[in-house]
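This briefing covers one protein chain. Please read it alongside the sequence and the model.

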Amino acid sequence: MQSLVETSNFDFLKSGFPDLAEIGEFAENYVFSDPNGSLYKIGVMGEIIVEQIMKFEYLRCPYDATQYNKIEILKNEGLLPENIVSILHSIRMRRNHAVHERENSVTLAKGLLKKAYELCNWFMEVYGSWDYKALPYSEPQQKEKAEDYQEIFEEQNQRIDALEK
C-alpha cells in the first residue's frame with residue numbers, strides 16, 4: 001500500500017505488530033476520503049488486539065464468541081483497565097454501525113482514530129515494549145488534491161486550439 005501520509009501515528013507498531021501498523025495507517029489515510037472504510041479498519045484493529053491479548057495470556061474462548069464476549073472475558077480476568085474496556089466497546093459498536101448502517105462520518109472516524117491510537121499505545125506498553133514511550137497524537141489533516149483538474153482541462157484545451165491553428 002502506498003502511504004498518503006509522510007508518517008503515521010501508528011508507525012510505532014511496525015517493529016512488533018506490522019499488521020496493526022498497516023491497518024492503522026490505512027484508517028488514518030482514509031479518514032477523510034472514506035470514513036466508513038476508516039471506521040471498519042479501526043474495528044479490525046480492535047479485534048486483532050483482543051485476539052492477540054487472548055493468545056498472549058493463553059486464554060481460550062468458544063470459537064463463536066463475539067467481540068463483546070471476548071472483551072468481557074479479558075475484563076473479568078482483570079487484564080483490561082476500565083478505560084481500555086470502554087475504548088474497545090466504542091470501537092466495536094462503531095465498527096458495527098459502519099458495516100450494518102453504513103456510518104460515514106468524518107468527525108466520528110477522526111474521534112475513533114484517536115481512541116484507536118490510545119488503545120494501540122496501551123497495547124504496546126503492556127504487550128510490546130515496556131520501555132515504549134508514547135508520542136503525542138498528531139491529528140490527521142485533509143490532503144489537498146495534487147492537481148486542479150479544471151486547470152489541466154483548460155491547458156489541454158489551449159494545446160488543442162494551438163494545434164488546430
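Tyr 117 is buried, with a relative accessible area of 6%; buried means under 20% relative accessible area, exposed over 50% and partly exposed in between, with a 1.4 Å probe and protein chains only. The model is predicted: local features need pLDDT of at least 70, side-chain atom pairs count only at pLDDT 80 or more, and totals for chains, interfaces and linings use all residues. Residues are numbered from 1 along each chain as its sequence is written, and side-chain values use heavy atoms, with hydrogens and water left out.

**Overall fold**

- The chain has 6 helices and 0 strands; helices (H or I, at least four residues) and strands (E, at least two) are DSSP runs, numbered from the N terminus.
- Along the sequence the pattern reads α-α-α-α-α-α.
- Of the 165 residues in the chain, 36% are buried.
- Take the contacts between residues at least 6 apart in sequence: 61% of them join residues at least 24 apart. Contact means heavy atoms within 4.5 Å.

**Aromatic pairs**

- A pair of aromatic rings is described by the distance of the centres and the angle of the planes.
- Rings of Phe, Tyr and Trp (its six-membered ring) pair if their centres lie within 6.5 Å; planes under 30 degrees apart count as stacked, over 60 as edge-to-face and the rest as tilted.
- The count by this rule is 11 aromatic pairs.
- One of them joins Phe 10 and Tyr 117 edge-to-face, at 6.1 Å centre to centre and 80° between the planes.
- Phe 10 lies in the segment before helix H1 (18-29) and Tyr 117 in helix H5 (residues 106-128), so this pair ties together parts 107 residues apart in sequence.
- Phe 10 is buried, at a relative accessible area of 0%.
- Phe 17 and Phe 123 form a tilted pair, because their ring centres are 4.8 Å apart and their planes lie at 50°.
- That pair also links distant parts of the chain: Phe 17 is in the segment before H1 and Phe 123 in helix H5, 106 residues apart.
- Both Phe 17 and Phe 123 are buried.
- One aromatic cluster is formed by Phe 10, Phe 12, Tyr 117, Tyr 132 and Tyr 137.

**Around Phe 12**

- Asn 121 is in helix H5 and is buried, at 6% relative accessibility.
- Leaving aside residues up to four places away in sequence, Asn 121 touches Phe 12, Tyr 132 and Ala 134.
- Leu 135 sits in the loop between H5 and helix H6 (149-164). Leu 135 is exposed, with a relative accessible area of 62%.
- The C-alpha atoms of Leu 135 and Phe 12 are 9.0 Å apart, across 123 residues of chain.

**Helices H3 and H4**

- The axes of H3 and helix H4 (residues 82-100) come within 10 Å and cross at roughly 175°. Axes are lines fitted to C-alpha atoms, for helices over the stretch in contact, and angles run from 0 to 180 degrees between N-to-C directions.
- H3 is therefore roughly antiparallel to H4. Angles under 35 degrees count as roughly parallel, over 145 as roughly antiparallel, 65 to 115 as roughly perpendicular and the rest as oblique.
- From H3, Gln 67, Tyr 68, Ile 71, Glu 72 and Lys 75 meet Glu 82, Val 85, Leu 88, His 89 and Arg 92 of H4.

**A loop residue**

- Tyr 58 lies in the loop between helix H2 (35-56) and helix H3 (67-76).
- Phi of Tyr 58 is near 55°, a positive value in a residue other than glycine.
- Tyr 58 is exposed, with a relative accessible area of 75%.
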